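Good morning, and thank you for coming. Please look at the sequence and the structure on the screen while I go through some contacts between side chains.

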Amino acid sequence: PEPGLGAVRAGVDTFGALTSGQRLAPDFIVLGAQRAGTTTMFRLLSEHPQVVRPTASKGIGFFDLNYDKGMRWYLGHFPLEVVARRKVADGAAHTFESSGYYLFHPMAAERMARDLPGVTVIAMVRDPVDRAYSAHSHELGRGFETEPFERALELEEQRLAGAHQRLTSDPRFHSFEHRHHAYLARGRYAEQIERYVAAMGAERVVIVDADAFFADPQTEFGELCRRLGLREWRPEKVERWNARSRETMSADLRQRLMDHFAPHDEHLARLMGRTPSWRA
């Protein structure tokens, strides 16, 4: 029952906060983008023999939605150091989290750089047209969207008006529209990634091309492990977890959206040092 579940969660949070000084801090964080393979990446990293996953959930949502709860609350979601050492047979134990709104939230990069000065972040990027369409299907399925896709795109600018400024100026402000209805804006990856590069430095920002990753997951995951300082380890099987089926987008709409994202993809290519796979 929900009341009982709420009580259990409150107890877990309290215990976690009380023991925060005995817990690992995350070495790396998957930022998003939403609907770009973050669930698959979370599962793969959780299976790595040197990695111990967060204690309760995939996404903690601290640097975007729960920042007022403080670092003790945040660290309470990670494994106890003594337990992590027992689970990792050789070498240091690492932990991480994955919260898909971090990349898009305008304050998350600054907060993360301040509170976790050594953390490495992983930004997963996907064909932004497919990402937008998938996100719309996702929000429909969750009951957070009622408009058809093209109408939702038409409404986006109006829905998001002023949200970025409010989120930047008022740490207590939350925007339902910014979180759930930013189909085009979330696909303008470069401007979001640049916030992290400015706050942390390019060497601590890893960009993963999700389309290339799923085309050759063994090689791409091996390269990611190298960047994260993990021993190379290749999973036996990689699936597209949390994928959704949907109707095919019309060729005309797809072309219009590809044109919309063209300058943003060019900017992303400069950050990545290569052409994104969907533009190759």
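I begin with Phe63, which counts as buried because its relative accessibility is 0%. Buried means under 20% relative accessible area, exposed means over 50%, and partly exposed lies in between, with a 1.4 Å probe and protein chains only. This is a predicted model, in which local features need pLDDT of at least 70 and side-chain atom pairs count only at pLDDT 80 or more, while totals for chains, interfaces and linings use all residues. Residues are numbered from 1 along each chain as its sequence is written, and side-chain values use heavy atoms, with hydrogens and water left out.

Let us turn to the aromatic rings. A search of the whole structure finds 15 aromatic pairs. Rings of Phe, Tyr and Trp (its six-membered ring) pair if their centres lie within 6.5 Å; planes under 30 degrees apart count as stacked, over 60 as edge-to-face and the rest as tilted. Phe63 and Tyr74 make an edge-to-face pair, with 5.0 Å from centre to centre and 70 degrees between the planes. Phe63 sits in the loop between strand S2 (51-52) and helix H3 (70-75), whereas Tyr74 belongs to helix H3, eleven residues apart. Helices (H or I, at least four residues) and strands (E, at least two) are DSSP runs, numbered from the N terminus. Tyr74 also counts as buried, at 0% relative accessibility. Both residues are members of one aromatic cluster, together with Phe62, Tyr67, Trp73, Phe78 and Tyr102.

Next come the charged side chains. How many salt bridges does a search of the whole structure find? The number is 15, where a salt bridge is a side-chain nitrogen of Lys or Arg within 4 Å of a carboxyl oxygen of Asp or Glu. One of them joins Arg254 and Asp127, at 4.0 Å from N to O. Arg254 lies in helix H13 and Asp127 in the loop between strand S4 (120-125) and helix H6 (128-142), so this pair ties together parts that are 127 residues apart in sequence. Asp127 is buried, at 7% relative accessible area, but Arg254 is partly exposed, at 28%. Asp130 joins these two residues in a network of salt bridges.

Arg142 is partly exposed, at 39%, while Glu139 is buried, at 1%.
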